[in-house]
Amino acid sequence: MEDMVRHSRWAAGLAPADVEHVLGSMQERQFARGACIARAGQMVEHWMGLIDGFAKMSVASEDGRVSTLTGVSAGVWFGEGSLFKHEARRYDVFALRPTRVALMPRRTFEWLRGTSVPFNHYLQDLLNARLSLFIGALAHERLLDTDARVANCLASLFNPDLYPDAPRFLEVGQVEIGLLANVSRQRVNVALQRLQALQLIRLEKRGLTVLDLGGLVNYKAIETGAPPVRSA
């Protein structure tokens, strides 16, 4: 937990004594594969950061249907929106493999908001990145074919604003990718084989390695011959 906190972007703007104060207030918890890290409907009392492992955010209907919102990998902090609004969490968070989570209590979170300008700037950037992620995911769900959705799902896990230090090897299975992209495991397998044939990824025994992140981002353009999407 200490390494994650010290290497987080928001911690870089704090005085050493403030970092120690934050660390002294925090806890760490471990979750087994399939365990619920956070439950929808519960009041949010901690800002959470994934130390290692992999998790998903999802929502469920009254009849049991589940929709996955996004994946959460190591280095990501989440839950700030509910802390801002003092409301119950609106989504579940489940561990997709053994996962360790850092818990920052509300009082420490509010203290940082009240005393640190860099921390507030970090939160603004984080919320903006998350908003862009969800808008993009909605557009991809409605407009892209399955292969492009899988490509964009993988690319989203390397968003530099959300995952600044993400390694190019991603320890993730086809079932997990299917949950994140909302497609079947069998269809994920077909899409991954096509992405590998285009040399955008390399399939590994325990996951995959991204060879061309820009190619994943612009997969639809590669497929159709349209001009690639460029960042502003």
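1. No disulfides: the structure holds zero of them, a disulfide being a pair of cysteine sulfur atoms within 2.5 Å. C36 is partly exposed, at 24%. C153 is buried, at 9%.

2. A word on the basis. This is a predicted model, in which local features need pLDDT of at least 70, side-chain atom pairs count only at pLDDT 80 or more, and totals for chains, interfaces and linings use all residues. Residues are numbered from 1 along each chain as its sequence is written, and side-chain values use heavy atoms, with hydrogens and water left out.

3. The cavity. The structure holds one cavity of 30 Å³ or more. A cavity here is a set of points, on a 1 Å grid over the protein atoms alone, where a 1.4 Å probe fits but cannot get out; lining residues have an atom within 4 Å of a point. Grid points are joined across faces, edges and corners, and the volume is the space filled by probe spheres set on the points. For the largest cavity that volume is about 40 Å³.

4. Its lining. The residues are M57, T70, G71, V72, V76, R130, L133, L162 and Y163. They divide into six nonpolar, two polar and one charged. In this scheme Ala, Val, Leu, Ile, Met, Phe, Trp, Tyr, Cys and Pro are nonpolar, Asp, Glu, Lys and Arg are charged, and the others, Gly among them, are polar. Strand 5 (66-73) and helix 5 (117-143) each supply at least two lining residues. Strand 5 gives the most, with three. Helices (H or I, at least four residues) and strands (E, at least two) are DSSP runs, numbered from the N terminus.

5. Y163, one of the lining residues. Y163 sits in the loop between helix 6 (146-156) and strand 9 (169-170). Y163 is buried, with a relative accessible area of 5%. Leaving out residues up to four places away in sequence, Y163 touches G71, V72, S73, V76, S156, L157 and F158; contact means heavy atoms within 4.5 Å.

6. Aromatics. There are nine aromatic pairs. Rings of Phe, Tyr and Trp (its six-membered ring) pair if their centres lie within 6.5 Å; planes under 30 degrees apart are stacked, over 60 edge-to-face, and the rest tilted. W47 and Y122 are edge-to-face, because their ring centres are 6.3 Å apart and their planes stand at 75°. W47 lies in strand 3 (residues 46-52) and Y122 in helix 5, so the pair ties together parts that are 75 residues apart in sequence. Both W47 and Y122 are buried. One aromatic cluster takes in W10, W47, W77, F84, F109, F119 and Y122.

7. Helix 7 and what follows. In helix 7 (residues 174-181), E176, I177, G178, L180 and A181 are buried. N182 follows helix 7 and has a positive phi, near 60°. S184 is in the loop between helix 7 and helix 8 (185-197). S184 is partly exposed, at 38% relative accessibility.

8. Backbone points to check. Which non-glycine residue has a positive phi near 50°? H86 does, in the loop between helix 3 (80-85) and strand 7 (92-95). Q199 is not a glycine either, yet has a positive phi of about 60°. Q199 lies in the loop between helix 8 and strand 10 (201-204). At 61% relative accessibility, Q199 is exposed.

Technical notes:
1 Å grid on protein atoms, 1.4 Å probe; cavity = no way out; pocket = protein on both sides within 12 Å on 5 of 7 lines; lining within 4 Å. Buried < 20%, exposed > 50% of the residue type's maximum accessible area, 1.4 Å probe, protein only.
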